[in-house]
Amino acid sequence: MKIDERQESPGTRRRVARSLLVDGPSTAAALAERLDLTPAAVRRHLDQLVADGSAASREQRATAERGRGRPAREFVLTDAGREGFEQTYDDLAAQALRFLRDTVGEDAVKAFAQRRASFIAERFAAVSAHEPEMSPAQVLARIFTDEGYAASVRELPLAINGAGEQLCQQHCPVSHVAHEFPQLCEAETEAISQVLGTHVQRLATIAHGDGVCTTCIPAVSTTSTTERKQVTA
């Protein structure tokens, strides 16, 4: 079968890379279906992304849905691949935080991180009121996506205690700075916990080498959520 030349263009390779950024680790078959491309074309783009260091392949993690047999390979963006997309903070931001830490102290860095994470509380009530059909995790995903995090929500398996949802951030616009200053991640987690009125657990962060930032959010009762909205309004 003749291959559509458009499937071989650099623009198509960019689409493949962006899908890995937004949708997270994916197999070649999943990418082909998602992007309406031939599996062969997707594999060629993935081979090129791996060759130039923008992506890496690994054995697909076990899931309840996957049957027996040899596990498929899935692809993830590397740090170099993420650098190809816009980063909100750069070396200048890291230098500024180092100066703040060295001249004022660690508490000043923590205060800055908390101030930066205040966008979560500032927008939570408004988005919840405007999109009442959304769960608290979906509201957070909307807020984080608007801030450049490419966030989404996944339901947690019932087998997990306190089953609820998982907030997934496929991109972190402050990952380079957060690698040196984890206070940024800690402040975000604290802000999420505060708006929901419940403990949440950050399981992974891009800043520390994981493919995606994930936060487990237990099921939040309608009553507690309503009370929280009133407090943050």
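Touching, or contact, means heavy atoms within 4.5 Å.

A quick word on the model: it is predicted, so local features need pLDDT of at least 70 and side-chain atom pairs count only at pLDDT 80 or more, while totals for chains, interfaces and linings use all residues. Residues are numbered from 1 along each chain as its sequence is written, and side-chain values use heavy atoms, with hydrogens and water left out.

Now, which residues touch the most other members of the largest nonpolar core? They are Ile120, Leu140, Phe144, Leu167, Ile192 and Leu196, out of 37 residues. A nonpolar core is a set of buried Ala, Val, Leu, Ile, Met, Phe, Trp, Tyr and Cys residues joined through side-chain atoms within 4.5 Å; buried means under 20% relative accessible area, with a 1.4 Å probe and protein chains only. Helix α10 gives this core its largest share, 7 residues. A second, separate core has 15 residues, including Leu31 and Phe75.

Next, the sheet. Helices (H or I, at least four residues) and strands (E, at least two) are DSSP runs, numbered from the N terminus. Three strands form an open, antiparallel sheet in the order β1-β3-β2. Two strands pair if DSSP finds at least two bridges between them, and β1 and β3 pair over 2 bridges. There, Thr27 stands opposite Glu74 in β3.

Finally, helix α1 (residues 10–23) packs on this sheet, touching β1, β2 and β3.

Terms used. Buried < 20%, exposed > 50% of the residue type's maximum accessible area, 1.4 Å probe, protein only. Axes fitted to C-alpha atoms, helices over the stretch in contact; angles between N-to-C directions.
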